[in-house]
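Try each task before reading its solution.

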Amino acid sequence: MADRAPERTIEALLLEARRFDPPEAFRRQAVLQDPRVYDQAAKDPEGFWASYARELHWFSPWERVLDWTLPYAKWFPGGRTNIAYNALDRHLAARRTKAAIIWEGEPGDERVLTYGDLHREVCKFANVLKRLGVRTGDRVAIYLPMIPELPIAMLACARIGAPHTVVFGGFSAESLRDRMNDAKAKVLVTADGGWRRGKVLPLKRNCDEAVEGAPSVEHVVVVRRAGDAIKIDMREGRDLWWHRLMAEAPLANEAEPLESEHLLYILYTSGTTGKPKGIVHTTGGYMVGTYATTKWVFDLKDEDVFWCTADIGWVTGHSYIVYGPLLNGATEVMYEGTPDFPDKDRFWAIIEKYRVNVLYTAPTAIRTFMKWGPEFPARHDLSSLRLLGTVGEPINPEAWIWYYEHIGKKRCPVVDTWWQTETGMILISPLPGLTTLKPGSATRPLPGIAAEVVNERGQAVGAKEGGYLVLTRPWPAMLRGIYGDPERYQDQYWSRFPNMYFTGDGAKRDEEGYFWLLGRVDDVINVAGHRIGTYEVESALVDHPSVAEAAVIGIEHDVKGQAIAAFVTLKEGNKPGGDAVDTLKQHVVKKIGALARPEQILFTSELPKTRSGKIMRRLLRDIAEGRVLGDTTTLADPTVVEALKTRYEEEAGS
């Protein structure tokens, strides 16, 4: 945990004077128009959430809205429901022929699935899973590119009560294996490959390597995506083609009436202790939270086309591609590839082609678009857009304004959203029909959400004072624990401040009560909106036979927000240099995935340590960011950090 809450750059943010009121026409038609909704939710939060739960289908009603025994919550206990039923069956009478998913592959192939189509495919794959021996409670791992089979597989799991764990397709075989072993997955769903920048990602080959060390996996179901573009091996008895299984699957499948607290999914996120954490989300509360926040924050109308550009391998894709939009009966766009292939206007071409109304993307992407220049969006008609959103990390005011001006043409509200894998749903965000926007601020907690900024003693701080962001009341989509590790759950989230959930983020509030998020205060690096544990990267580096020791920190990056810098001590007989840098970067990619590739590697004979042997990462951050070195009196050898500072400055300037 960091020694202090972050202070850097916030004073400049709080001086941000620009204000943007909701356009009057937008305000008049907004889903939420009455500011009293905040007070109503605060006075009776349980009644407030129950009112949204009643808009959904329950096989049997709940006995109570909330049981809360810190640190565990049970939302709508006694109730039975099914999130796949609510996302599909509930819409069939009115929306059977309405487009649910408009999909575009990177090579340009297209597919549209109506709610009727999606329901049929989900029912069939639910029957496939049952045929493979998957029962309620069995875990299913999914390692797929951004193709329709990904949400189909997730919804099929949810339909039969088999918790899914989706692993981002950019993760390595080792990362996939670790997650499957932790979850004890029974079946793995993958593809032969996936397209990215004109090349095929070898997903099946990664799976073959991963499954060798994952004894719980009995079958691997393979979607034929890349076809003749990649050669794969199919092991008889274990590996099965998706299309052949689906051709034989019955059409009818009744959704299981599941307890509200039935495990829906496990999603692994990086932590500070090296081993990725399996965040547990259950059914009823998560369903209500994602349903309500999708409706409010994105102001969804029945005629809208919604596009969240995230990968479903991350929580944003779970909550705001698969579950939230489909629970609302929305039409959404899915895209397989990157924003720069075959050219840097691919996103804007998709928006024009499908007349997208609501766009939800990351500040990293926006900063990249800024770097490329406004001429690329200017090539396309973006007049269909009426609302813009951002997610994954704090957005700097300059990027916010660029997004507002060049993409929204100064007529689209921008909703900057704060939430986490652990929270399951957006918690701090503007309500686009009600909130005056400030570039760079996520504004206020949503109705029903109680957040505070506290000091080291857990006491609320005043306006403009830095502190730690905490949550002081349960919320429906909150995590229910870390899979198989209740002690870690208690220690990481509930032990720092009594009776409060510690988010791990720093924040300030201004005099109007708006929240300004400052990023992580622990040893997790937020790279392009994706959380990477420092210990995880350090472990990967030390795994290389040439490395004796490593310390990893986050550094500022114009595009990614943060990037990874590694300070590495080599074993005797190993020489530093360019080849060694490239070798270690590739080793980290193999161990974890491309997201964890260090931006910088600096070789050093020693790392700054305290007399007890603790590496002083705080001082490494001071070095990397060009600050005056903090207190060095506790160091075993203060000369080490001075020498390292000189070397870092020399290399940075070379």
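**Exercise 1. A helix pair**

Which residues in α4 meet which residues in α12?

Solution. A word on the ground rules: this is a predicted model, in which local features need pLDDT of at least 70 and side-chain atom pairs count only at pLDDT 80 or more, while totals for chains, interfaces and linings use all residues. Residues are numbered from 1 along each chain as its sequence is written, and side-chain values use heavy atoms, with hydrogens and water left out.

Step 1: locate the helices, α4 at residues 45–53 and α12 at residues 284–297. Helices (H or I, at least four residues) and strands (E, at least two) are DSSP runs, numbered from the N terminus.

Step 2: list the contacts (heavy atoms within 4.5 Å). From α4 come Phe48, Trp49, Tyr52 and Ala53, and they meet Val288, Tyr291, Ala292 and Trp296 of α12.

Step 3: sort these residues by class. The contact of α4 with α12 holds eight nonpolar residues, no polar and no charged ones. Here Ala, Val, Leu, Ile, Met, Phe, Trp, Tyr, Cys and Pro count as nonpolar, Asp, Glu, Lys and Arg as charged, and the others, Gly among them, as polar.

Step 4: The axes of α4 and α12 come within 9 Å and cross at roughly 85°; axes are lines fitted to C-alpha atoms, for helices over the stretch in contact, with angles from 0 to 180 degrees between N-to-C directions. That makes α4 roughly perpendicular to α12, a label for angles of 65 to 115 degrees.

**Exercise 2. A lysine without a partner**

Find the side chain of opposite charge nearest to Lys585.

Solution. Step 1: go to helix α20 (residues 578–591), where Lys585 sits.

Step 1: check its surroundings. Lys585 is buried, meaning under 20% relative accessible area, with exposed over 50% and partly exposed in between (1.4 Å probe, protein chains only).

Step 2: look for opposite charge, with Lys and Arg as positive, Asp and Glu as negative, and His and the chain ends not counted. The nearest such side chain is Asp582, 5.4 Å away, and Lys585 has no salt bridge (a side-chain nitrogen of Lys or Arg within 4 Å of a carboxyl oxygen of Asp or Glu).

Step 3: beyond four places in sequence, Lys585 touches Arg597, Pro598, Glu599 and Ile601.

**Exercise 3. An enclosed helix**

Explain why helix α17 is described as largely enclosed by the rest of the structure.

Solution. Step 1: α17 spans residues 397–407, and eight of its 11 residues are buried, so the helix is largely enclosed.

Step 1: name them. The buried residues are Pro397, Ala399, Trp400, Ile401, Trp402, Tyr403, Tyr404 and Ile407.

Step 2: continue along the chain. Just after α17, Lys409 has a positive phi of about 55°.

**Exercise 4. Backbone details**

Where do Pro71, Pro342, Phe76 and Lys464 lie?

Solution. Step 1: take the prolines. Pro71 is in the loop between β1 (66–69) and β2 (72–75), and the Leu70 to Pro71 peptide bond is cis, with omega near 10°. Pro342 is in the loop between β17 (331–335) and α14; the bond from Phe341 to Pro342 is cis as well, with omega near 0°.

Step 1: take the positive phi values. Phe76, in the loop between β2 and β3 (80–81), has phi near 55°. Lys464, between β21 (451–454) and β22 (467–471), has phi of about 70°.

Step 2: compare accessibility. Phe76 is buried at 0% relative accessible area, whereas Lys464 is partly exposed at 36%.

Terms used:
Parallel < 35°, antiparallel > 145°, perpendicular 65-115°, else oblique.
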